[in-house]
Amino acid sequence: MAEPVGAALDAVITKAQAVLQDVTVVRRDERPARSLIDVEGRWGIYRIIISEIHVADGSVRYAYYVLDAENRLFQGFDNSPDIRASKQRYGPDYRQHLHERIPHQHSSEDSLTLTEPMNFDAFMAWLTSHLPRE
Amino acid sequence: MRETENMTTVTINSKYADILAPLGDVQQVVDEAVRRYAVEKLGERLAELRRALRPFEEQYGCPYEVFYARVTTDEDFVAGLRAVNPTWERDFHTWEFYVEELREWLNRLEQLSML
């Protein structure tokens, strides 16, 4: 049996509080067909944003960000239907896949790299392995 | 609550039934009362969702459908978004969340209008 969505949102908050500093829940909205959680916190000098939408079909739309002290993007992961991700994955056939949600990563130079689907745990693992907490 | 095909039976306080009886067929009166209540509640929900959508429409200067079309088809637009808002995908997902909710409630309203 699938985990109740409320529990999944609670888990995101609990995990964020265990790992990040100054955690705040910016938005939480639970409805029968979809639920949303939006959390911010700090990791050393970095501002961390965690945004997940859990849909009744089991899919999760996500955006995880690391912003620097000037609020510029340092690293971001999301699965929005970004045209640049479609082009990278499908090349000349990208027009047939324009609305697909494609997991990808943005760097501070806004270069885009395709990734495996991310979740909160994978994002925290990335954070731990790539950025000193200081 | 008891369900049969196309009908669900709910009980109402007998005092309401006594009051409603002089107004005509109690079933019809209750159906009309439920319909009016549903329209009112749907209206409240739709207004709440439209309020939730407004900040995104104002921030990005367009309705969701236009924004969606641009991020999925216009590479220059997407490239410029980051400079304006480094976390635009979060807004996009949240915006979409409320748009999908709105569409579902509009669909319910349409179903209600066909009863």
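Q: In this predicted model, what percentage of the residues of chain B score at least 70 in pLDDT?
A: The mean pLDDT of chain B is 91. The share of its residues that score at least 70 is 97%.

Q: Which element of chain B has the lowest mean pLDDT?
A: Among the elements of chain B, helix α5 (residues 88-113) has the highest mean, 96. Where pLDDT is low, predicted coordinates should not be read in detail. The lowest mean, 67, belongs to strand β1 (residues 2-4) of chain B.

Q: Which element supplies the largest share of the side of chain A that touches chain B?
A: Contacts link 25 residues of chain A with 18 residues of chain B. On the chain A side, β2 (34-43), β3 (46-55), β4 (60-67), β5 (73-78) and α2 (83-90) each give at least two residues. The largest share is four residues, and it comes from β4(A).

Q: How many residues of that side of chain A are charged?
A: By class, eleven residues are nonpolar and four are polar. The charged residues number ten.

Q: Which strands are the edges of the sheet in chain A?
A: The open sheet has seven strands, ordered β1-β2-β3-β4-β5-β6-β7 in chain A, with antiparallel pairing. An edge strand pairs on one side only. The edges are β1 (21-30) and β7 (112-114) of chain A.

Q: At about what angle to β2(A) does α5(B) run?
A: Helix α1 (residues 5-19) of chain A packs on the sheet and touches β1, β2 and β3 of chain A, at about 0° to β2(A). From the other chain, α5(B) lies across β1, β2, β3, β4 and β5 of chain A. Its angle to β2(A) is about 160°.

Technical notes. Residues numbered from 1 in each chain as written. Chains lettered and ligands numbered in written order. Predicted model: local features only at pLDDT ≥ 70, side-chain atom pairs only at ≥ 80, totals over all residues. Contact = placed C-beta atoms within 7 Å. Nonpolar A, V, L, I, M, F, W, Y, C, P; charged D, E, K, R; others polar. pLDDT = per-residue confidence, 0-100. Pairing = 2+ DSSP bridges. Axes fitted to C-alpha atoms, helices over the stretch in contact; angles between N-to-C directions.
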